[in-house]
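Colleague: I have a chain to learn from today. Can we go through it together, one question at a time?

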Amino acid sequence: MKMKWTAMLLILALVLGLLVGCGTQTASAPETSEPQAESAAASVEEPQAEPAQEEPVAEEPEDDPGVPADAEEPEEIEAGPDYREPLTYPIGDGSTTFTILHNEPALGPMTGQMNMSTYGDFEALALGCETIGFSPEWYSLSAMNGDTQFNLVVASGDYPDVFTAIDRYYTGGFAKALEDEVIVTIEEEMMAENMPEYWNILEDDPELRRAVTNNEGEFVAWYSVFDRPLVNEGYWIRQDWLDKLGMDVPTTIDEVSDFAYAAKSEFDLPSVLLMCSDLATLLEGYNLGITVATGAGFAYHREGDSIVADVTSERYHSYVEQLHQWYVDGIVSPNFSELNSGNFSGDMERELGAGRTAICKTLVNSLDNLVTLVSDPGYALSPFVATVDGGNIHTGQGEKQFDSCSISGVCDSELYPLILGWMNYWYTEDGAMLAAYGIPGVDYDYDESGEIYYTDNIMNNEYGYPPMLFSRARCFSGASFGLMLQDRTWPFYTEAQTDAIDLWTASTDNEEAVPASMSLTIEESEILAQYAPDLATYISEEIPKFVTGSRDLATWDDFMTTVEGMHIEELTALYQAAYDRYFED
């Protein structure tokens, strides 16, 4: 649209210039209602001889009879979002299908008991397929050895029509998979026509569009998308012990330390801060460790527009010094190397619930498991956020996209529109509700005030599973496609849990966030693979020694000399280049 208006203005200027240049009068045209063409004709009939002279320089007319003298220049009109009309379903008659290789559903013990090994086993998904008009054939990658299975499929050349998580499984990521013709690009117009719901989401969010396209702005995948940013993992502290000590919920690292020493003395605790083998206790408070180099294990963050390896920064040095002091004084777990901070290990919840520590980090939905371990009637927890300066955590709320699907290089191009149309359904309101809540009237309903609630089919299910766990067998939110509604678990939460999410989300911003979707080139990935594993191993071996004191902190400079000799600057430069490319116009 901008180009059209610019062209029209140029044409108008050319016409006006011709009218001035063709007339015999050098003065500006008089204001008259008569056409100027008649004046020009009269002067042709009565020519006047003029002496030879230099070609006069053309001047802009002082007044344009068609434009007021005080008129402003026309503004260029920028094109708005290119919204597309939704698809009308069904788009098939059941006679066509496609194949998809996908991670198996994360259902834990329900997988075997309920015979649900692929997403094709979900009733809600099957109901959506009836609306769409056809169903895919599903092949699953196991949680235990999915990478091995994926590599075997690629090696065989017997590809499915759709791959999931190419960026996770394929060495070299999307760029290498595209070069090797394992996947294909999807033309913009095809995406717009056949995935209009997804396309319109991207039109509303230019940052998201940048995140789901490659460095050339091409679509090599489509992603599952959160409907809004949300932080559902953070720190909890024993509120009842704060009350007994007459202390407020901490907001700074120093205040956390003050509470820790007081609680250690008052309640005779083996530890106050639960630190695990990943040494990540209150790491976010120093704005460190959120982004980890793929396949390497060294973390990096952003300072301004510069990518900085955590281990080379002064803030990381300060963090390690603090951990060491806490370790010496018995504030952090003496057996930290034996504890696992993973979401499914349960170590964090067991230690906090049993009263052996006062602070730990956990997912908000793990609070249910924690409470079952508590026997003290006065037990109370509060969520909190603590940073060095008492401000926000700056390393990001997380991106809106996660996991992805790509069309394979062997897929028949005639299937492209049907595949995209099938995927598009899960970004519609009806599709997103099916994926998030299950079957309406069976798994969920609405109360008199219009609020969603889960039915007895979920809350008192025949298998006796906890409702939140069982709901995952009735919906498939979190697959590699579709719009994920963040509120789907809120009917299970207490007010304390929703308050925690609100606090953690409000206290986290993106001022030093590094886009997780920025990608390395094939050559950069090869350099990373060459040097990063050895560097990561060295860092992971030496940092615990500084914490425990088996290596003197006075040797930190020697440690850094070794790190620098292991190509840390070169590796950091790879991510700097990727960051710079990501924000190129």
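**Strands, cores and confidence**

Modeller: Start with a pairing. Strand 5 covers residues 233-238. Strand 5 and strand 10 run antiparallel, joined by four bridges.

Colleague: Which residue of strand 10 stands opposite Y235?

Modeller: Keep to that antiparallel pair, strand 5 and strand 10. Y235 has its opposite residue in strand 10, and that residue is F384.

Colleague: What is the strand order of the open sheet of three strands?

Modeller: This sheet has antiparallel pairing. Its edge strands are strand 9 (359-363) and strand 10 (381-384), each pairing on one side only. Neighbouring strands are turned by 40° against each other on average, direction ignored. The order is 9-5-10.

Colleague: Which helix lies across strand 5, strand 9 and strand 10?

Modeller: Look for an element at residues 495-506. Its direction is about 120° to strand 5. The element is helix 20.

Colleague: How far can I trust the model, and what is the mean pLDDT of the protein chain?

Modeller: The model is predicted, so check confidence before detail. In the protein chain, 82% of the residues reach 70 or more. The mean pLDDT is 83.

Colleague: Which element has the lowest mean pLDDT?

Modeller: The highest mean, 98, belongs to helix 16 (residues 416-425). At the other end, pLDDT stays under 50 over residues 1-67, where the model has 16 contacts beyond four places in sequence. Where pLDDT is low, the predicted coordinates should not be read in detail. The lowest mean, 36, is that of residues 36-45, helix 2.

Colleague: What is the order of the open sheet of six strands?

Modeller: Its pairing is mixed. Strand 2 (137-141) and strand 14 (483-484) stand at the edges with a single partner strand each, so one side of each has no neighbour in the sheet. The order is 2-1-3-11-4-14.

Colleague: Which residue is the bridge partner of F163 in strand 11?

Modeller: Strand 3 (residues 162-164) and strand 11 (residues 401-407) run antiparallel, joined by three bridges. In strand 11, the partner of F163 is S406.

Colleague: Which residue in the turn between strand 7 and strand 8 has a positive phi?

Modeller: Strand 7 (residues 299-303) has four buried residues out of five, so the rest of the structure largely encloses it. Strand 7 pairs with strand 8 (residues 306-309) in the antiparallel sense over four bridges, and E303 stands opposite S306. The two strands form a hairpin with two residues between them. The phi of about 65° belongs to G304.

Colleague: How many residues does the largest nonpolar core have?

Modeller: Residues with the most contacts inside this core include L125, W222 and Y198. Beyond four places in sequence, Y198 touches M191, V212 and N424, among others. A second, separate core of 58 residues includes I331 and Y579. The largest core has 97 residues.

Colleague: What share of the residues in the protein chain is buried?

Modeller: Buried means under 20% relative accessible area. The chain has 585 residues. The buried share is 45%.

Terms used. Residues numbered from 1 in each chain as written. Predicted model: local features only at pLDDT ≥ 70, side-chain atom pairs only at ≥ 80, totals over all residues. Heavy atoms only, no water. Pairing = 2+ DSSP bridges. Axes fitted to C-alpha atoms, helices over the stretch in contact; angles between N-to-C directions. Contact = heavy atoms within 4.5 Å. Core = buried A, V, L, I, M, F, W, Y, C linked by side-chain atoms within 4.5 Å. Buried < 20%, exposed > 50% of the residue type's maximum accessible area, 1.4 Å probe, protein only. pLDDT = per-residue confidence, 0-100.
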